[in-house]
Amino acid sequence: MDEVKVVAAHSERATLRVGDVFLKVDADQARIDVEAMALAPVPTPKILWRKPPVLAIAAVPGTALGRLGEPSTASPAAWAAAGAAIRKLHDAPLPPWPGRAGQGLDELAADLDGECERLVTNGVLPADLVTTNRQVAKAALQPWTPAFTHGDLQITHLFVDSDEITRIIDWSEAGQGDALFDLATLTLGHEEHLGIVVGYGTDIDLDVIRAPVAARGRWGVRSPGARSEQCQALAAGVRDD
């Protein structure tokens, strides 16, 4: 019998691996519907079957582009391929559901303030570091032109083989959103690859990306392990500044 491995689990959803099949269990049917992505013009996982609240997905070929908090061993060509795939996604026609674009700036600001307060109250990061990072993140609370975004484009969600993107996984947060938010998520802790990902050489104003990077550290990740890695990366980035 194949071993059952818990890949990720929290109060909203869980992902299990049984052999070459991933089972995603989600209490929100809307997220399951989005996860079964068919509109994205990039390689996505093969859906084997759906029986709410469970979605069965085939294992994907290749290896993850990297892990948050660790140096990426992927080649510059693999990072460039990731950037090309992301630009293709962002240039695609908008999906019919709103995603983060459906949230008002006041609501986003309230979410950000709540996450900052939680980090301080729970002793995750020092108050002065959170305050500094919150000031940087304020610049992310500006109007943007909605794009087709992944919404949770962590480095572990892109798989590569021979410097080609084989699959982009975990689409439950996809929708209309801020393209810079995707770039911030992917390069969190890996800003040295930002120029390659964006695809415009090295002449890039990193301050344009730092605001969504700072905000990304407060939004979206609920698993304790991922949150810990994310906070470490954010802390290192702010201190380096």
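How are helix 2 and helix 5 oriented relative to each other? Keep in mind that what you have on screen is a predicted model. Start with the two axes: helix 2 covers residues 76-90, helix 5 covers residues 179-187, and their axes come within 11 Å and cross at roughly 160 degrees. Angles over 145 degrees count as roughly antiparallel, and the two helices are therefore roughly antiparallel to each other. As for handedness, helix 2 passes helix 5 in a right-handed crossing.

Now zoom in on the residues that do the touching. Helix 2 brings W79, I86, L89 and H90, while helix 5 answers with A179, D182, L183 and L186. Sorted by class, that contact holds six nonpolar residues, one polar and one charged. If you're wondering about the spacing, an α-helix has 3.6 residues a turn, so residues three or four places apart point the same way.

Stay with helix 5 for a moment. Seven of its nine residues are buried, so helix 5 is largely enclosed by the rest of the structure. The buried set runs F181, D182, L183, A184, T185, L186 and T187. At the start of helix 5, a side-chain oxygen of D178 gets to within 3.1 Å of the backbone nitrogen of L180. After the helix comes G189, with a positive phi near 80 degrees.

Finally, zoom back out. The protein has eight helices and ten strands, and 44% of its 241 residues count as buried. Among contacts with a separation of 6 or more, 68% link residues 24 or more positions apart.

Key. Residues are numbered from 1 along each chain as its sequence is written. This is a predicted model: local features need pLDDT of at least 70, side-chain atom pairs count only at pLDDT 80 or more; totals for chains, interfaces and linings use all residues. Side-chain values use heavy atoms; hydrogens and water are left out. Axes are lines fitted to C-alpha atoms, for helices over the stretch in contact, and angles run from 0 to 180 degrees between N-to-C directions. Helices (H or I, at least four residues) and strands (E, at least two) are DSSP runs, numbered from the N terminus. Angles under 35 degrees count as roughly parallel, over 145 as roughly antiparallel, 65 to 115 as roughly perpendicular and the rest as oblique. A crossing is left-handed if the near helix is turned anticlockwise from the far one by less than a right angle, and right-handed if clockwise. Contact means heavy atoms within 4.5 Å. Ala, Val, Leu, Ile, Met, Phe, Trp, Tyr, Cys and Pro count as nonpolar, Asp, Glu, Lys and Arg as charged, and the others, Gly among them, as polar. Buried means under 20% relative accessible area, exposed over 50%, partly exposed in between (1.4 Å probe, protein chains only). A polar contact is a pair of N or O atoms within 3.5 Å; within protein, one must be able to donate a hydrogen and the other to accept it, and residues adjacent in sequence count only if both atoms are side-chain atoms.
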